[in-house]
Amino acid sequence: MRTEPLDPLVRAGAFSCEERQAVYRAIETRRDVRDQFLPEPLPDDLVGRLLHAAHSAPSVGFMQPWNFLLVRSEATRRAVHAAFLKANAEAAEMFAGERQAAYRALKLEGILKAPLSICVTCDPTRGGTVVLGRTHNPRMDVYSTVCAVQNLWLAARAEGVGVGWVSIFHDSDIRQALAIPEHVEIVAWLCVGYIDKLYAEPELAVKGWRQRLPLEELVFEERWPEGAGVS
């Protein structure tokens, strides 16, 4: 039987100035890496630290619904890359004119270039039928899994490791390639590897796809303003 300490709370307080700067630097310089991966394999202990960071994420009802499938096999990555190419061609057709040309010009080669891919999944059954905190929002388990992805991403940035989130594929193709059970949801395919260069700003902003919105336009007080967000 697990016994709780007499006082389970520990002292809390602000980080030092240097520690705060490091946290904010990781947040502000995190990038979605698509093509700048180096071929050097990642050491197992480093991968372990990234996974530990991910596993330290908060989760609804502490259900920890995530799994991390590590994919290093070239054959598997080529199969997933083929699935991506099929979906990417479909996606390109959804844009028109100059927008389509700009889309096709983006380099999205992380699946083959990165030495490691991680498929992050969410098992909605892990916490049982009724999960504390998920009773009125059934998507909270997926939101929790995304927190794990962000933890991994920020830890990777601190380690000099790049991460690219691939979302352009048909779920069934990835499910078949990795033998993922039907009830388990695929949340992210992450390309992971060392990098020596990053875009100073998000790549899509640098290449003119879309610019960062002003924060002051996104912050409201007390109530949603009349007419705000109406296109």
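Which element gives the most to the lining of the second largest pocket? Strand E3 does, with three residues, and the legends below return to that strand several times.

The model is predicted, so local features are described only at pLDDT of at least 70 and side-chain atom pairs only at pLDDT 80 or more, while totals for chains, interfaces and linings use all residues. Residues are numbered from 1 along each chain as its sequence is written, and side-chain values rest on heavy atoms, with hydrogens and water left out.

**Figure 1. The whole chain and its elements.** The protein chain holds eight helices and four strands; these are DSSP runs numbered from the N terminus, helices being H or I with at least four residues and strands E with at least two. Read from the N terminus, the order is α-α-β-α-α-α-β-α-β-α-β-α. The C-alpha trace spans about 65 × 50 × 40 Å along its principal axes.

**Figure 2. The four-stranded open sheet.** The strands stand in the order E1-E2-E4-E3, with antiparallel pairing; two strands pair if DSSP finds at least two bridges between them. Strand E1 (66-71) and E3 are at the edges with a single partner strand each, so one side of each has no neighbour in the sheet. On average, neighbouring strands are turned by 25° against each other, direction ignored. Gly-162 has Gly-193 in E4 as its bridge partner.

**Figure 3. Helices on the sheet.** Helix H6 lies across E1, strand E2 (116-122), E3 and E4, and runs at about 150° to E3. Angles run from 0 to 180 degrees between N-to-C directions, and axes are lines fitted to C-alpha atoms, for helices over the stretch in contact. Helix H7 also packs on the sheet, where H7 touches E1, E2 and E4. The direction of H7 makes about 70° with that of E4.

**Figure 4. H3 against H7.** Helix H3 (residues 74-92) and helix H7 (residues 171-178) pack at an angle of about 170°, and their axes are 10 Å apart. Thr-76, Val-80, Ala-83 and Lys-86 of H3 meet Asp-173, Ile-174, Ala-177 and Leu-178 of H7, where contact means heavy atoms within 4.5 Å. By class, this contact has five nonpolar, one polar and two charged residues. Ala, Val, Leu, Ile, Met, Phe, Trp, Tyr, Cys and Pro count as nonpolar, Asp, Glu, Lys and Arg as charged, and the others, Gly among them, as polar.

**Figure 5. H3 against H4.** H3 also packs with helix H4 (residues 97-105), at an angle of about 160° and with the axes 10 Å apart. That makes H3 roughly antiparallel to H4. On the H3 side are Asn-88, Ala-91 and Ala-92, which meet Gln-100, Tyr-103 and Arg-104 of H4. This contact divides into three nonpolar, two polar and one charged residues.

**Figure 6. The largest pocket.** This pocket has a volume of about 390 Å³. A pocket is an open set of points on a 1 Å grid over the protein atoms alone, with protein on both sides within 12 Å along at least five of seven lines; a cavity is a set where a 1.4 Å probe fits but cannot get out, and lining residues have an atom within 4 Å of a point. Of the 17 lining residues, Arg-30, Arg-31, Asp-32, Pro-202 and Arg-212 are the closest to the centre. Helix H1 (17-29) and helix H8 (203-206) each supply at least two residues. The lining has eight nonpolar, one polar and eight charged residues.

**Figure 7. The second largest pocket.** About 290 Å³ of space lies here, a volume being the space filled by probe spheres set on grid points joined across faces, edges and corners. Among its 18 lining residues, the closest to the centre are Arg-34, Leu-108, Trp-165, Val-166 and Ile-168. Helix H5 (110-113) and E3 each supply at least two residues. The lining comprises 12 nonpolar, three polar and three charged residues.

**Figure 8. The cavity.** One cavity of 30 Å³ or more is found in the whole structure. Its lining consists of Arg-30, Arg-31, Trp-153, Arg-157, Val-161, Gly-162, Ile-195 and Leu-198. Helix H6 (140-158) and strand E3 (161-166) are the elements that give two or more residues to this lining.

Notes
Parallel < 35°, antiparallel > 145°, perpendicular 65-115°, else oblique.
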